2 protein chains.
Amino acid sequence: MELTKTAQFTDEDILMARYAKALGHPARIAILRVLLERKACICGDIVDELPLSQSTVSQHLKELKDVGLIQGDIDGKKVCYCINEQVWKQAQETLGALFQRYTSCDSSCC
Amino acid sequence: MELTKTAQFTDEDILMARYAKALGHPARIAILRVLLERKACICGDIVDELPLSQSTVSQHLKELKDVGLIQGDIDGKKVCYCINEQVWKQAQETLGALFQRYTSCDSSCC
DNA sequence: CTAATTGATCGTAATTTTACGATCAATAAA
DNA sequence: TTTATTGATCGTAAAATTACGATCAATTAG
């Protein structure tokens with residue numbers, strides 16, 4: 001009895017997945033870690049820290065920028081990247097809420 | 001002056017990215033939400049909750065199972081899925097730690 | 001035994017991601 | 001001005017994801 005599926009994903013699920021997806025590659029985790037370590041924003045020394053070419057790193061930076069987790073401002077010849085506080089905390093809350101929703105049902109299942 | 005890049009990604013970054021990647025699709029978020037809502041583990045009624053075909057949902061379930069976030073036990077004709085507590089908490093901690101590493105450097109940058 | 005149900009897996013097509021070199025634009029240094 | 005540096009973007013190839021129907025194996029119901 002095939003009922004037509006109309007239900008779509010909720011905006012919240014889509015947003016959450018977007019944040020998670022942005023974190024879903026070691027290079028992007030590494031980039032964020034660099035940005036977190038040096039509180040001040042740094043530019044493409046990030047490239048030197050990663051085992052990837054400049055163009056590839058630039059691509060990963062763009063993805064992080066597209067979801068808003070980081071921002072980059074031009075400073076002369078160089079570009080300064082850093083965490084975007086608002087979005088960062090938004091992602092933290094959204095994903096954190098999902099994880100916290102778990103309450104061990106010690107009993108029963110599995 | 002091209003220095004050869006030797007540095008690889010750390011195991012921790014890779015693991016973290018793996019967890020995040022597993023959460024990086026609305027369908028998988030939706031699946032986890034269903035599993036979280038009904039504390040007890042349910043089987044492929046999940047399919048009915050999602051706007052996707054049975055085979056596609058099964059594929060997403062497999063991905064979640066592969067990273068360990070969920071587990072599925074056969075119960076007669078049906079299969080019972082539920083959150084894997086250990087792994088769930090591991091992912092929560094790992095990703096949570098990353099997010100918490102941010103300390104607003106109100107000043108300066110960007 | 002024969003149906004029907006459940007859910008994994010296979011094969012496949014379309015799309016997205018990942019990665020790189022090459023190039024381009026802009027700034028800084030000579 | 002000419003040259004070097006910085007970093008985005010383009011083009012492209014290879015690989016991975018996403019999605020689906022079809023099929024298969026196992027269990028349950030008749």
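Among contacts in chain A between residues at least 6 apart in sequence, 50% join residues at least 24 apart. Contact here means heavy atoms within 4.5 Å. The model is predicted: local features need pLDDT of at least 70, side-chain atom pairs count only at pLDDT 80 or more, and totals for chains, interfaces and linings use all residues. Residues are numbered from 1 along each chain as its sequence is written, chains are lettered from A and ligands numbered from 1 in the order in which they are written, and side-chain values use heavy atoms, with hydrogens and water left out.

Chain A holds five helices and two strands. Helices (H or I, at least four residues) and strands (E, at least two) are DSSP runs, numbered from the N terminus. Along the sequence the pattern is α-α-α-α-β-β-α. Chain A has 110 residues, and 45% of them count as buried. Buried means under 20% relative accessible area, exposed over 50%, and partly exposed in between (1.4 Å probe, protein chains only).

Helix α4 of chain A covers residues 54-66. Its 13 residues reach 18 Å from the first C-alpha to the last, close to the 18 Å expected at 1.5 Å a residue. The expected span is 1.5 Å times one less than the number of residues. The buried residues of α4(A) are Val57(A), His60(A), Leu61(A) and Leu64(A). Seen down the axis of α4(A), they fall within an arc of 100°, so they line one face of the helix. The arc is that of the directions from the helix axis to the C-beta atoms. An α-helix has 3.6 residues a turn, so residues three or four places apart point the same way. The buried residues of α4(A) pack against α1, α2, α3, β1 and β2 of chain A. Just after α4(A), Gly68(A) takes a positive phi of about 95°.

A rotation of 180° with 0.0 Å of shift along its axis superposes chain A on chain B (RMSD 0.0 Å). That is the relation of a two-fold axis. The same surface serves both copies: 100% of the contact residues of chain A recur in chain B. Copies are superposed by least squares on the C-alpha atoms of residues with pLDDT of at least 70 in both.

Between the chains, residues of α1(A) meet residues of α2(B). Asp13(A) lies in helix α1 of chain A. At 3% relative accessibility, Asp13(A) counts as buried. Asp13(A) touches Pro26(B), Ile29(B), Ala30(B) and Arg33(B), not counting residues up to four places away in sequence.
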